[in-house]
Amino acid sequence: MTSDHAPEWWRTAAIYQIYPRSFSDADGDGMGDLRGVTTRLDALRELGVDAIWLSPFMTSPQRDAGYDVADYCDVDPLFGDLADFDAMLAAAHERGIRMIVDLVPNHSSDQHPWFQEALKAAPGSRERARYIFRDGQGEHGEEPPNNWQSVFGGPAWTRVTEADGDATGPNGPQWYLHLFDASQPDFDWANEEVREEFRRILRFWLDRGVDGFRVDVAHGLVKHDELPDYMPPEDSDSMGGTEPVPYWGQEGVHEIYRDWHRVLAEYDGDRALCAEAWMPTAAEVALWVRPDEMHQAFNFPYLQAPWDAARLREVIEESLEAFGGVGAPTTWVLSNHDVVRHATRLALGPGHPQGHGVGPKTPGKPDPAVGLRRGRAATALMLALPGSAYLYQGEELGLPEVIELPDDARQDPTWFRTGGERYGRDGCRVPIPWEAHAPAYGFNDTGATWLPQPSEWAELARDQQEGDADSTLNLYKTLLRLRREHALASGELSWIDGLPPQTVAFRNTGVTVIANLGAEPVALPAGRLLVASTPFDGDALPADTTVWIAED
Ligand code: NOJ
């Protein structure tokens, strides 16, 4: 921020994630689309968000729900075309809503022309050098080049069938690296041609007017030069690691974002980069948002905190210190398309690593009422914190994770690559309900949906919640309005001491915020109640409830 410049929008924005497959389906094929997004922008304006993050809609065989891109500069026909994109972006901007789009630079689809050319070319060729091809180990190269595992399960290497037997050399066919599905080969970011191509892609979307990018796997682009063996600890989170990992957080990634920062700075309008970097601590995540790098980075240590007051106070404190220390906002988040929805997650006990999901055979079913109550309290706490905040479509309706999805409906590559051992992420990706008494609950008008919607979702549909003052939808609207009116996002937090240890309590710009995470009610200080995450009678704050109190 410079003195002659108003604070950049991304420092305080409430940003709503649209997962286009499941948001709104204008053409009725069961898969959401860009025209569907355009028709629903008024609902987002009424909700009170400042910006949208749009998950991938580019040309893709959809082996990982669009995170496998075959053409970075076009729209997949499933979602529409570039004219639909332009119309959607213009309609968002007309309503004062900014839009950032997803960029997937760690890997492409195996259907990307570059990878197809690489398969046809010989080892050592320019075409192979855009990806990470290596000879195998063992007498005939029959073992992969190292022991790395895919985030989705199974080995991170796949052996190719060489087009020309003579080109294979004594080691036989080569292997290529894919940290995710075999259909998602990793680019080699040591190659200047890859860097130049992504500058072109950034400019393509910036020229169309996007306000920035959410950058997929922003901690993974650079691999350790020697590709040393590494095995993640048993049951670790699928994207994280607490020890140095030879493919996450390598020092070299930061130069890529310094370069991109310079590209974005050529454009007006405070365009922004947001890192998806699953690093274990806030201090490590903050490395992505140093002044000459990205602008935001999701605070996953916060998302991963259990429903525990001491841990939440600690992670909030660490976050404000770490991000504040580099002059960046903290970017709070509780849900997205990769994690169990927080209205379910917060009622699950420990032992559910991110990415594994929950399903019919998961032990210890979470209580939906407890989950929703905690989910609302957690959101009320998050939206009172200074900084930017991300919301995931459907959380404003209090949607739970869909646990009872039938096996044959599941589509997440995690489910297939682990032979059903991990349920994966389909349960948070089910098309959202708009109208209780319409086909597909108003997702479209044909009733087709790419994942089945549970019957209980009729009562959670947006139209059922609109007229109910105590609904989750109206809670979100109230929180977002008050957050803006009291300028909480640009405020400063000071802790309130002396309350019972099961509380998280602070002041921010004249608003007192108290969350009670314990089982017993807590006495409330005097003041005017602005909002309670769940309505209550009396003057004690019940369990699993957050209040905002004005001091006037
Ligand atoms: C993170 C994305 O959010 C996730 O959905 C995807 O599967 C992986 N990156 C691979 O692109």
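A polar contact is a pair of N or O atoms within 3.5 Å. The close-up views described below are drawn from a predicted model.

View 1. A polar side-chain atom of R214 lies 2.9 Å from an oxygen atom of the ligand. For H107, a polar side-chain atom is placed 3.0 Å from a ligand oxygen, and for D64 the distance from a side-chain N or O atom to an oxygen atom of the ligand is 2.6 Å. The protein buries 99% of the 290 Å² that the ligand exposes when taken alone. In total, 13 residues surround the ligand, and the closest are D64, D216, H337, D338 and R425.

**View 2. Helix α6, residues 253–265, and the elements packed against it.** The end C-alpha atoms of α6 are 19 Å apart, which agrees with the 18 Å that its 13 residues should span at 1.5 Å a residue. Because 10 of these 13 residues are buried, the helix is largely enclosed by the rest of the structure. The buried positions are V253, H254, I256, Y257, R258, D259, W260, H261, V263 and L264. These residues pack against the helix α5 (192–208) and the strands β5 (98–103), β9 (212–215) and β10 (272–275).

**View 3. V315 in helix α9.** The helix that holds V315 comprises residues 309–325. V315 has 0% relative accessibility and therefore counts as buried, the cut-off being under 20%. Beyond its neighbours within four places in sequence, V315 is in contact with P301, Y302 and A305. E276 is 39 residues from V315 in sequence, and their C-alpha atoms are 18 Å apart in space.

**View 4. A65, a residue with positive phi in a loop.** Most residues other than glycine have a negative phi. A65 is not a glycine, yet its phi is positive, at about 50 degrees. The loop in which A65 is placed runs between β3 (58–59) and β4 (71–75). With a relative accessible area of 10%, A65 is buried.

View 5. A487 counts as partly exposed because its relative accessibility is 35%, which falls between the 20% and 50% limits.

Note on methods: Residues numbered from 1 in each chain as written. Predicted model: local features only at pLDDT ≥ 70, side-chain atom pairs only at ≥ 80, totals over all residues. Heavy atoms only, no water. Near = heavy atom within 4 Å. Polar contact = N/O pair within 3.5 Å; in protein donor to acceptor, adjacent residues only side chain to side chain. Areas by Shrake-Rupley, 256 points an atom, 1.4 Å probe, with all protein chains shown as cover. Helix = DSSP H or I, 4+ residues; strand = E, 2+ residues; numbered from the N terminus. Expected span 1.5 Å × (residues − 1). Buried < 20%, exposed > 50% of the residue type's maximum accessible area, 1.4 Å probe, protein only. Contact = heavy atoms within 4.5 Å.
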